[in-house]
Amino acid sequence: DGELASADGLVEVLHVLEDGVRSAFQLVAASGPMCEETLSGVIVSVDVELDREKLGSFLQGGAESSERFGPFSGQVIAAAKESLRRAIMASGPRLVEAFLLCEIMTTSSGLSGSYASLGKRNAVVVDEIMR
């Protein structure tokens with residue numbers, strides 16, 4: 001009966017770990033580590049290793065262990081979020097800047113204002129045709 005309770009506890013801990021890592025990934029993907037950017041093209045592989053002795057004492061502790069360790073799922077999310085952010089930064093991430101090709105038509109009196117506005121936005125004028 002003790003082994004069955006221990007197995008149920010292990011399954012519960014694994015569910016908490018899985019849900020916590022999934023939630024952490026969603027948080028990190030929504031606001032990346034460089035400038036709170038949305039991440040794209042990121043794959044994460046998670047390997048889990050559990051220490052049987054520590055897990056056994058945690059499961060046998062019951063309510064006392066949950067008080068001692070605090071809200072377990074919140075700790076998993078916080079630790080996984082920080083780990084994911086550090087792993088992304090260690091992989092050499094890049095920021096991607098949007099590119100827009102457009103045609104602007106203006107009068108000669110509005111030309112200087114157009115160039116000033118484009119200059120503020122790091123725009124590059126490819127071609128200029130006067131008509």
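1. Leaving aside neighbours within four places in sequence, Ser-31 is in contact with Glu-36, Glu-37 and Arg-85, where contact means heavy atoms within 4.5 Å. Ser-31 sits in the loop between H1 and H2, the helices being DSSP runs (H or I, at least four residues; strands are E, at least two) numbered from the N terminus. Ser-31 counts as buried because its relative accessibility is 18%, the classes being buried under 20% relative accessible area, exposed over 50% and partly exposed in between, with a 1.4 Å probe and protein chains only.

2. On the basis of the note: this is a predicted model, in which local features need pLDDT of at least 70 and side-chain atom pairs count only at pLDDT 80 or more, whereas totals for chains, interfaces and linings use all residues. Residues are numbered from 1 along each chain as its sequence is written, and side-chain values use heavy atoms, with hydrogens and water left out.

3. On confidence, the protein chain has a mean pLDDT of 82, with 85% of its residues at 70 or more; pLDDT is the predictor's confidence in each residue, from 0 to 100.

4. The protein chain holds five helices and zero strands, and its elements run α-α-α-α-α from the N terminus on. Of its 131 residues, 16% count as buried. The chain exposes about 10800 Å², of which carbon and sulfur atoms supply 55%, the areas coming from the Shrake-Rupley method with a 1.4 Å probe, and for residues only the protein chains shown count as cover. Among contacts between residues at least 6 apart in sequence, 68% join residues at least 24 apart.

5. Helix H4 (residues 72-90) has 19 residues and reaches 27 Å from its first C-alpha to its last, close to the 27 Å expected at 1.5 Å a residue; the expected span is 1.5 Å times one less than the number of residues. Buried in H4 are Val-76, Ala-80, Leu-84, Arg-85 and Ile-88. Seen down the axis of H4, the buried residues fall within an arc of 155°, so they line one face of the helix, the arc being that of the directions from the helix axis to the C-beta atoms. On the other side of H4, Arg-86 and Ala-90 are exposed, and just after the helix Gly-92 takes a positive phi of about 75°.

6. The largest nonpolar core is made up of six residues, namely Ala-24, Val-28, Leu-39, Ala-80, Leu-84 and Ile-88; such a core is a set of buried Ala, Val, Leu, Ile, Met, Phe, Trp, Tyr and Cys residues joined through side-chain atoms within 4.5 Å. Helix H1 (2-30) and H4 each supply at least two residues of this core, and H4 gives the most to it, with three residues.

7. Leu-39, a member of that core, is placed in the loop between H1 and H2, and it is buried, with a relative accessible area of 18%. Not counting residues up to four places away in sequence, Leu-39 touches Val-28, Ala-29, Gly-32, Pro-33 and Ile-88. The C-alpha atoms of Leu-39 and Ile-88, 49 residues apart along the chain, are separated by 9.9 Å. With the same exclusion of residues up to four places away, Ile-88 touches Val-28, Pro-33, Leu-39 and Pro-93.

8. Pro-33 is likewise found in the loop between H1 and helix H2 (52-61). Beyond four places in sequence, Pro-33 touches Leu-39, Arg-85, Ile-88 and Met-89, and its C-alpha atom is separated by 9.8 Å from that of Ala-87, 54 residues apart along the chain. Arg-22, placed in helix H1, is 55 residues from Ile-77 in sequence and 8.3 Å from it in space, C-alpha to C-alpha; Arg-22 counts as partly exposed, at 43% relative accessibility.

9. Two backbone angles deserve a check. Most residues other than glycine have a negative phi. Phi of Glu-36, however, is near 60°, a positive value in a residue other than glycine; Glu-36 lies in the loop between H1 and H2 and counts as exposed, at 52% relative accessibility. Asn-122 has a positive phi of about 55° although it is not a glycine; Asn-122 is placed in the segment after helix H5 (111-120) and counts as exposed, at 64% relative accessibility.
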